[in-house]
Amino acid sequence: MLNPKTRRLLRSGLAALAITAATGTIVAVAAPALDLAGLHAANRLDGDQTKEVRQSVIGGKARNVILLIGDGMGDSEITIARNYAKGAAGRFAGIDALPLTGQYTTYSLNKTTGKPDYDPDSAATGTAWATGFKTYDGAISVDVQGTAQQSLLEMAKAKGLRTGNVTTAELQDATPAVLVSHVLARSCYGPSATLKTCPEAALENGGLGSITEQLINTRPDVSLGGGATTFNEVATAGAYQGKTLKQQAYERGYQIVSDKAGLDKVKKANQDKPLLGLFAAGNMAVRWVGPEATADGGKKDPARCTENPDRLATQPTLADMTSKAIDLLDAKRNGPGFFLQVEGASIDKQDHAANACGQIGETVDLDEAVKVALDFAAKDGNTSVFVTADHAHTSQIVDAGSVTPGITVNLLTADDAPMTINYATALKGSSMQHTGSQLRIAGYGPGAANIVGLTDQTDLNTTIRRILGLDRKRG
């Protein structure tokens, strides 16, 4: 019988290795199907783990921190993606490889009463780890009184660290926005929306400007994602009035790229020449598409996901963007270190749309980005990596053919077995809702022991600040 370690390797998606008799060349062969019915056959542990856990609890300070966020990636979304891509006994090479894990609470606050709001959004939850403050849904790095609070990226810059912000969403979306801007409503992407919805933030009213204008001002060394449409808006006030936000970025020294080839050519990014990658008009295209969820109780024959024809080869993957950001921020170790946030954004967006293949593919993309970060951290020896989510979401695994509320879809997994996924927090055609469950958080490297057990999202802010030695200036 195969031992647990061998099983983990096979089920992680790594093929078994064979050596051809003729050439001695190592070639990949298909991993054998595993019999999971025997005693301990599904074990994931390979002996006692005490020594390994002790070795994972190291130090408290690191030169670099990489924070990877799966938007809407609750335990259910991880399990669904793992079952589909790796099989029930499988293992993600990135997400499942971090040695220390815990859970954290995610509730936001009611703006009027200050009492808990148990089902939060990405703006409030992102603000929690970005600033250490609980706030109301829709708020971008302001507290419940509307006071701007310094973000991790701003604190890192103040200390002289390099900074990066990577997402598969629009760069103005809530999770990337909490690092670079402060507005009362998350929808204030550009000057026009800001004048209408957040007039106190508009430049002509003495405010900090729209999210995009604040992004340009905050000036991370590396910003990669979608959201090009808003950069085509024209500034309505300030020194660059009458010019598009993209023109403003050019004039202020930004290197702007729009595809993978352009990204590959960039050799340096710093405060003199920060990098702005705009790879889509809105959100970036997801990896996979598949069958639509319907109200048939999961009775349809199971199907597999297919490649999304809208995701062009010219679009960098999340792993591509993560690798490039690390390479540019690390700058061959000749500097003070860096803070980088990476978001797999459309786990959430496709969960809202009850699109199982979309959310699964985005989770697989995030896993590949996590693997990039872990490989760098292991080689570097002075980097901490954290992987978590902002809030839980709606998708659930249910029995095929059962009568359930909502809509379902049947997928054929890596086990060659059917898996029925249910969405039941909104009517078909409406946006499925977040849920308020606590979330998994995993860590590697110095300071990672602080995520073990039950913590809150605001604890992550404290943990990262301590690791990087950041001082927080109160608003």
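This is a predicted model: local features need pLDDT of at least 70, side-chain atom pairs count only at pLDDT 80 or more; totals for chains, interfaces and linings use all residues.

Student: What makes α8 mostly covered?

Tutor: Count its buried residues. Helix α8 spans residues 211-218, and seven of its eight residues are buried. They are Ile211, Thr212, Glu213, Gln214, Leu215, Ile216 and Thr218.

Student: What covers the buried residues of α8?

Tutor: The cover includes the helices α5 (152-159), α6 (174-180), α7 (191-197), α9 (228-231) and α10 (245-251), along with β8 (222-226).

Student: Why is α12 called largely enclosed?

Tutor: Of its 13 residues, 10 are buried, so the rest of the structure largely encloses α12. Among the buried ones are Lys324 and Asp330, as well as Leu318, Met321 and Ile326.

Student: How do you know that the length of α12 agrees with what a helix should span?

Tutor: Helix α12 covers residues 318-330. At 1.5 Å a residue, its 13 residues should span 18 Å. The expected span uses one less than the number of residues. The end C-alpha atoms are 18 Å apart, which agrees. Just after α12, Ala331 takes a positive phi of about 45°.

Student: Why does Gln341 count as buried?

Tutor: The cut-off for buried is under 20% relative accessible area. Gln341 has 0% relative accessibility, so it counts as buried. Gln341 belongs to strand β13, residues 338-344. Beyond its neighbours within four places in sequence, its contacts include Leu67, Ile69, Trp129, Asn165 and Pro176.

Student: Is Ile347 buried or exposed?

Tutor: Buried, because its relative accessibility is 0%. Ile347 sits in helix α13, residues 346-352.

Student: Why is Ala85 called partly exposed?

Tutor: The relative accessible area of Ala85 is 27%, so Ala85 is partly exposed. Ala85 lies in helix α3. Leaving aside neighbours within four places in sequence, its contacts are Phe92, Val364 and Ala414. Ala85 and Gly361 are 276 residues apart along the chain, yet their C-alpha atoms are separated by 8.8 Å.

Student: What makes α3 roughly perpendicular to α14?

Tutor: The axes of α3 (residues 75-85) and α14 (residues 356-380) cross at roughly 85° and come within 9 Å. Angles of 65 to 115 degrees count as roughly perpendicular. Therefore α3 is roughly perpendicular to α14.

Student: Which residues meet where α3 contacts α14?

Tutor: From α3 come Glu77, Ile80, Ala81, Tyr84 and Ala85. From α14 come Gln359, Ile360, Thr363 and Val364. The residues of this contact divide into six nonpolar, two polar and one charged.

Student: Which residues touch the most other members of the largest nonpolar core?

Tutor: Leu68 and Phe339 do, in a core of 109 residues. The largest share of this core, 11 residues, comes from α14. Apart from neighbours within four places in sequence, Leu68 is in contact with Val342, Leu366, Ala369, Val370, Ala373, Val385, Phe386, Val387 and Thr388.

Technical notes:
Residues are numbered from 1 along each chain as its sequence is written. Side-chain values use heavy atoms; hydrogens and water are left out. Helices (H or I, at least four residues) and strands (E, at least two) are DSSP runs, numbered from the N terminus. Buried means under 20% relative accessible area, exposed over 50%, partly exposed in between (1.4 Å probe, protein chains only). Contact means heavy atoms within 4.5 Å. Axes are lines fitted to C-alpha atoms, for helices over the stretch in contact, and angles run from 0 to 180 degrees between N-to-C directions. Angles under 35 degrees count as roughly parallel, over 145 as roughly antiparallel, 65 to 115 as roughly perpendicular and the rest as oblique. Ala, Val, Leu, Ile, Met, Phe, Trp, Tyr, Cys and Pro count as nonpolar, Asp, Glu, Lys and Arg as charged, and the others, Gly among them, as polar. A nonpolar core is a set of buried Ala, Val, Leu, Ile, Met, Phe, Trp, Tyr and Cys residues joined through side-chain atoms within 4.5 Å.
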